[in-house]
Amino acid sequence: MTTIEIPDYRTPAFFGLEDKWLPTGDGELTHYHELGEGPPILFLHGSGTGVTAAANWWLNLPRLAEQGRCIAIDSIGYGQTVVAPGTEYGIREWGRHALRVLDALGIDKTWIIGNSIGGWIALQLAIDAPERLLGIISMGTGGAKKTAALAGHAKPELSPTGIRRTLEQFVVDTDLVTDELVSLRYQAAVNDSASSRLKEVVAARDRDRDVLPLDLDALSKLEIPVLLIHGMQDVVIPVSRTWELLNTIPNADAHLFSQCGHWSQVERAEEFNEVVGQYLRRHAGR
């Protein structure tokens, strides 16, 4: 395996998370954050402009680390993860990257907590590699039919104004979208754009929405526990997505947050952490 030099990068202090790096393939170096001990919990972020593991999970990792070994990765094509030339993107490719991370860390089975496209990836993994999963917690699960908000995300505006507009679609309380958060997301988005990754990952996501929708028949045979979380005012992924999955997956439960958009882990962080922590405790050891 080719040795890759660790980039000269530090996650902004705003997020309060330490950087870790892991060789996960030839020419591939995964950037991630890890907190806690115990049952493994892999966190998969969404696909918004300038998204990173830190920018998705900074309010959740410290608290949920009380429940297990929390591992939050920058998926290939996002954040600071270094990818090999010619790397392809898509729902199955992001899932395979997650498995490479688990293999490199010596983890046989894990919980997955996924936001938006991260939940979509998790459920596709449950179909393709069910033996690797302990359970799934998915918020605003991706892969739904395209909404007006999703159509806008297909052509992201790489400017602070565009980033603010996107983030404000994620929440009901737009005061959460601070100037500092917008600046940090913009800096990450510029990094994505500079390497031409942003267009590639957006195109792969939108391609798979049409060619690789979740197989509901396969999901109807899942045996692992699944918790579906959704904000009632989510304009990015409508709450009907959770109802569809809830009526399909045999062991699925759902929790709905009122006055909450697509970013439930941020907008309702304290309650989100309580709901997820309680669910993980209830299913511990099963």
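**Close-up views of a predicted model**

A disulfide is a covalent bond between the sulfur atoms of two cysteines. Cys-70 is buried, with a relative accessible area of 0%. Cys-260 is buried as well, at 0% relative accessibility.

View A. Strand S6 (residues 133–139) pairs with S7 in the parallel sense over 4 bridges; Leu-228 of S7 is the bridge partner of Ser-138. Strand S8 (residues 252–257) also runs parallel to S7, joined to it by 6 bridges, and here His-230 stands opposite Leu-256.

**View B. The β-α-β unit that contains S7.** S7, helix H10 (residues 240–246) and S8 form this unit, which is right-handed.

**View C. Arg-185 in helix H7.** Arg-185 lies in H7, residues 179–194, and is buried at 1% relative accessibility. Its side chain reaches the backbone oxygen of Thr-49 at 3.0 Å. Beyond four places in sequence, Arg-185 touches residues including Gly-48, Gly-50, Val-51, Asn-56, Phe-170 and Trp-263.

**View D. Helix H8.** H8 has 15 residues (197–211) and reaches 21 Å from its first C-alpha to its last, close to the 21 Å expected. Buried residues of H8 include Arg-197, Leu-198, Val-201, Val-202, Arg-205 and Asp-208.

Conventions
Residues are numbered from 1 along each chain as its sequence is written. This is a predicted model: local features need pLDDT of at least 70, side-chain atom pairs count only at pLDDT 80 or more; totals for chains, interfaces and linings use all residues. Side-chain values use heavy atoms; hydrogens and water are left out. Helices (H or I, at least four residues) and strands (E, at least two) are DSSP runs, numbered from the N terminus. The expected span of a helix is 1.5 Å times one less than its number of residues. Buried means under 20% relative accessible area, exposed over 50%, partly exposed in between (1.4 Å probe, protein chains only). A polar contact is a pair of N or O atoms within 3.5 Å; within protein, one must be able to donate a hydrogen and the other to accept it, and residues adjacent in sequence count only if both atoms are side-chain atoms. Contact means heavy atoms within 4.5 Å. Two strands pair if DSSP finds at least two bridges between them. A crossover is right-handed if, with the strands pointing away from the viewer, the path from the first strand over the helix to the second runs clockwise.
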